[in-house]
Amino acid sequence: MLRLLSFALFIATWWIASLVIGDAKLPAPPAVLAVLIAEARSGALFVNLGATLARVALAFTLAMAIGSAIGYLMGRVSLANRLGDPWLILLLNLPALVVIVMAYIWAGLTEVAAIAAIAINKLPTAVVTLREGARALDPALDEMATAFALPRGRAFRHVILPQLAPYIAAAARSGLSLVWKIVLVAEYLGRPNGVGFEIGVAFQLFDIPLLLAYSLSFAGVVLVIETLMVQPFETRLTRWRLRAA
Amino acid sequence: MQLEVKITGKSFASVAGKRHDVLDNVTFTLNAGEVGVLFGPSGCGKSTLLKILAGLDGNYQGHVTRSPGMRLGMVFQEPRLLPWRTVEENVRLAAPDVDDGTLAALFEVLELSAHRNHFPGELSLGLARRVALARAFAIEPDFLILDEPLTSLDNALAGRLRDQVATLVASRKMMTLLVTHDLDDAVRLGDRLFFLSPRPARILHVETIAKPRATRSEPEIDELKRQLSQLDLANM
């Protein structure tokens, strides 16, 4: 209910602002809605949203998998940490734009280059978060697992992974928001479809209703994924905590 | 099954780089069916000794000979349960081969039957200790280590838990090593009592109680306690 109210407030503010600023710079909600419906009818909206989502899914999965593995290793093995740390700091502070441009120069304007560039941008934050998680692992529980001779696989699944779960959730949450932002830049610079590409077109044509239609539908998709996937996943992970209270 | 312990020294370096000797000379053997009690002041290195015996710490001088394939059950000072698994899952995780009947009987003895599906965070310390005991017994160990399983419980509860431990220890022919600083627990549960010195720990005195645990009468226990408390440990 409160969410609906806040949404209504957003529309009202937008509408009033468009009246003050003028239609040329900020079109009113109905004009944007009309463009949105036209794009949806032609199918272009879904093709572009689909392309963007597919890139997000691939790059996110790739970065989470590799980043978590590297982060866990760096948290557990001090040699890996000392070797990896300079690289990590370099990657963390490398601007997204540099990575994307370099990827397109080296690998061409290809899908592989785009996804790799997005993944590389997200990778270091996953590494840092998971490294903290691996450092915070409880040695007392490790000893318990060793004393009871738990096989490695079982120990990892039942002792280690639940301790890392909040860190994985945090990395996923912050990583997803980072990927949402970077994917559009990568598309804008070198892909022939996707929300980022459409926004680029709208920018060049100064087509503000089109620009807003794509931005808002993209924001809508992000919101839906957050509420339907990320939040339930987090709740499930901390189930035992809620019951313990 | 036999455990042969011949430790000649154990030290570690503190954060400041200073060397601390924790263990001096600790030599004893333990046979199947026997309950050894390590009795000594707080901080004398008992927990360090247990870690070595459990194979968790290999950095010491001397050697510990354990029979190959020996199954170890351990009850740590803190229960060390997995907070994200239920009581039953915690036990089954350590003992995947335990059959339902054995587990039910074990939970019955330890009065845990009603708590099978609770998470450790929902349990009191006394209950969590019992889950840790259930876990250690469920794997049907050849060597059982109990690190102060009865401390910080009130007297009535500690007494009941001690009886439960006695029942379980008697139910299986295994080597048991109990750490305590309560003479009453030591005399009631132990067959051989090892009195340890303050840090660095060495064995000051070994007291063997010939009479089987179950047949000791209250006056006999009191007499043993009286004799042992008169030991002049400081000058040994």
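Start with what the largest pocket is made of: its lining divides into 13 nonpolar residues, three polar and one charged. Those classes put Ala, Val, Leu, Ile, Met, Phe, Trp, Tyr, Cys and Pro under nonpolar, Asp, Glu, Lys and Arg under charged, and the others, Gly among them, under polar. About 480 Å³ of space lies in this pocket, and of its 17 lining residues, Phe7(A), Phe10(A), Ile11(A), Leu216(A) and Leu223(A) lie nearest the centre. The elements that give two or more residues to this lining are helices H1 (2-21), H2 (29-42) and H10 (208-237) of chain A.

A quick word on where these values come from. This is a predicted model, in which local features need pLDDT of at least 70 and side-chain atom pairs count only at pLDDT 80 or more, while totals for chains, interfaces and linings use all residues. Residues are numbered from 1 along each chain as its sequence is written, chains are lettered from A and ligands numbered from 1 in the order in which they are written, and side-chain values use heavy atoms, with hydrogens and water left out.

As for the terms, a 1 Å grid over the protein atoms alone is searched: a cavity is a set of points where a 1.4 Å probe fits but cannot get out, a pocket is an open set with protein on both sides within 12 Å along at least five of seven lines, and lining residues have an atom within 4 Å of a point. Grid points are joined across faces, edges and corners, and a volume is the space filled by probe spheres set on the points. Helices (H or I, at least four residues) and strands (E, at least two) are DSSP runs, numbered from the N terminus.

Now for the second largest pocket, with about 380 Å³ of space. It has 15 lining residues, and the closest to its centre are Leu161(A), Pro162(A), Ala165(A), Leu237(A) and, from the other chain letter, Arg85(B). Two or more residues each come from H8 (152-190), H10 and H11 (239-244) of chain A, and H8(A) gives the most, with seven. This lining divides into ten nonpolar residues, no polar and five charged.

About 50 Å³ lies in the largest cavity, whose lining includes Val35(B), Leu146(B), Thr176(B) and Arg213(B). H5 (155-170) and S8 (175-180) of chain B each give two or more residues here, with H5(B) giving the most, at three. The second largest cavity holds about 40 Å³ and is lined from both chains, with Met144(A), Phe148(A), Leu82(B) and Asn90(B) among them. Helix H2 (residues 87-94) of chain B gives the most to that lining, three residues.

Helix H6 (residues 111-135) of chain A has 25 residues and spans 36 Å from first C-alpha to last, close to the 36 Å expected (1.5 Å times one less than its number of residues). H6(A) bends by about 30 degrees at Lys122(A), with Pro124(A) following within four residues; the bend is the angle between axes fitted to the seven residues ending there and the seven starting there. In chain B, strands S1 (residues 2-13) and S2 (residues 19-23) pair in the antiparallel sense over four bridges (pairing takes at least two DSSP bridges). They form a hairpin with five residues between them, and Gly17(B) in the turn has a positive phi of about 90 degrees. Ala13(B) stands opposite Arg19(B) in S2(B).
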